Amino acid sequence: MNRIEMTNKLKEKLPAKRFEHCIGVEYTAGTLAFIYGVDLEKAMVAGLLHDCAKYVPNDKKIQKCEKRNIYISEVEYQNPDLLHAKLSAVYAKEKYGVIDDEILNAIASHTTGKPNMTTLEKIIYIADFIEPNRDLLPEMDVIRQEAYTDLDICLLHILRNCMNHLCKRGAIVDPLTMETYEFYNKNKE
């Protein structure tokens, strides 16, 4: 399936606002890939499909992951929406014919991040946060500038803001997000 076919299929499956977000991530991932020397097509496919399982109901996300023997952490059981990244990687493969592991890994890690991410994984994580249709979050202008100058600094900034936001709300921070932050913070030093 080529990207145009994927786009048409995705448009049928997602609400208009989520589809618009996916197009924004696709575009942003493409611009970042161009700057950082990453395969443009891979970045755009990963950006396009990163949320293809977002609207699976949470109880079904758990069932579908368990059925496929996908590891579910305690935090993911408590907050099944986090599973949409892993399930989107599965759907990208099963429903959209993506067989490239780099693309699938970038989709799977786009919500929590992970230590020692590839450049493509960083691009999808960041593009999801900064794409043009996103609501303006605190420090978005600075974060967007960082995205085009230093992926690691940008990634740290986003991770720090997300963890602070979750803590202020009293929500649980996924341990993988904390590990990711600690990894990149340590490497910055």
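Figure 1. A pocket, on a 1 Å grid over the protein atoms alone, is an open set of points where a 1.4 Å probe fits, with protein on both sides within 12 Å along at least five of seven lines; its lining residues have an atom within 4 Å of a point. The model shown is predicted: local features need pLDDT of at least 70, side-chain atom pairs count only at pLDDT 80 or more, and totals for chains, interfaces and linings use all residues. Residues are numbered from 1 along each chain as its sequence is written, and side-chain values use heavy atoms, with hydrogens and water left out. The second largest pocket has a volume of about 200 Å³; a volume is the space filled by probe spheres set on the grid points, which are joined across faces, edges and corners. Its lining counts 16 residues, and Glu76, Lys86, Thr112, Gly113 and Leu176 lie nearest its centre. Helix 6 (84–96), helix 7 (101–108) and helix 11 (175–188) are the elements that give two or more residues to this lining. Helices here are DSSP runs (H or I, at least four residues), numbered from the N terminus. By type, the lining of the second largest pocket holds six nonpolar, six polar and four charged residues. Ala, Val, Leu, Ile, Met, Phe, Trp, Tyr, Cys and Pro count as nonpolar, Asp, Glu, Lys and Arg as charged, and the others, Gly among them, as polar.

**Figure 2. The largest pocket.** About 1,200 Å³ of space lies in this pocket. Its lining has 39 residues, with Phe129, Arg134, Cys162, His165 and Leu166 closest to the centre. Two or more lining residues come from each of helix 2 (16–36), helix 5 (74–78), helix 8 (119–130) and helix 10. Which helix gives the most to the lining of the largest pocket? Helix 10 does, with eight residues. The lining of the largest pocket divides into 14 charged, 13 nonpolar and twelve polar residues.

**Figure 3. Cys167 on helix 10.** Cys167 belongs to helix 10, which spans residues 151–169. Is Cys167 buried or exposed? Cys167 counts as exposed because its relative accessibility is 53%. Glu131 is 36 residues away along the chain, and 24 Å separates the C-alpha atoms of Cys167 and Glu131.

**Figure 4. The largest nonpolar core.** A nonpolar core is a set of buried Ala, Val, Leu, Ile, Met, Phe, Trp, Tyr and Cys residues joined through side-chain atoms within 4.5 Å. The largest one has 56 residues, and Leu10, Leu49, Val98, Ile123 and Ile126 have the most contacts inside it. Helix 8 gives the most to this core, with eight residues. Now focus on Leu10. Apart from neighbours within four places in sequence, Leu10 is in contact with Phe19, Cys22, Leu48, Leu49, Cys52 and Tyr96. Contact means heavy atoms within 4.5 Å.

**Figure 5. Ala92 in helix 6.** Ala92 sits in helix 6. Its relative accessible area is 0%, so Ala92 is buried. Beyond neighbours within four places in sequence, Ala92 is in contact with Leu49, Cys52, Gly97, Val98, Leu104 and Ile107. Leu48 is 44 residues from Ala92 along the chain, yet their C-alpha atoms are separated by 9.8 Å.

**Figure 6. Lys122 in helix 8.** Lys122 is part of helix 8. Why does Lys122 count as buried? Its relative accessibility is 11%, and therefore Lys122 falls in the buried class. Setting aside neighbours within four places in sequence, Lys122 is in contact with Met117, Leu151, Asp152, Leu155 and Tyr184.

**Figure 7. An aromatic pair.** Rings of Phe, Tyr and Trp (its six-membered ring) pair if their centres lie within 6.5 Å; planes under 30 degrees apart count as stacked, over 60 as edge-to-face and the rest as tilted. This rule gives one aromatic pair. The rings of Phe183 and Tyr184 have centres 4.9 Å apart and planes at 80°, so the pair is edge-to-face. Phe183 is partly exposed, at 25% relative accessibility. Tyr184 is buried, with a relative accessible area of 5%.

**Figure 8. Two loop residues with positive phi.** Most residues other than glycine have a negative phi. Asn69 has a positive phi of about 55°, although it is not a glycine. Asn69 lies in the loop between helix 4 (58–67) and helix 5. With a relative accessible area of 71%, Asn69 is exposed. Asn116 also has a positive phi, near 55°. Asn116 is in the loop between helix 7 and helix 8. Asn116 counts as exposed, at 58% relative accessibility.

How values were computed:
Buried < 20%, exposed > 50% of the residue type's maximum accessible area, 1.4 Å probe, protein only.
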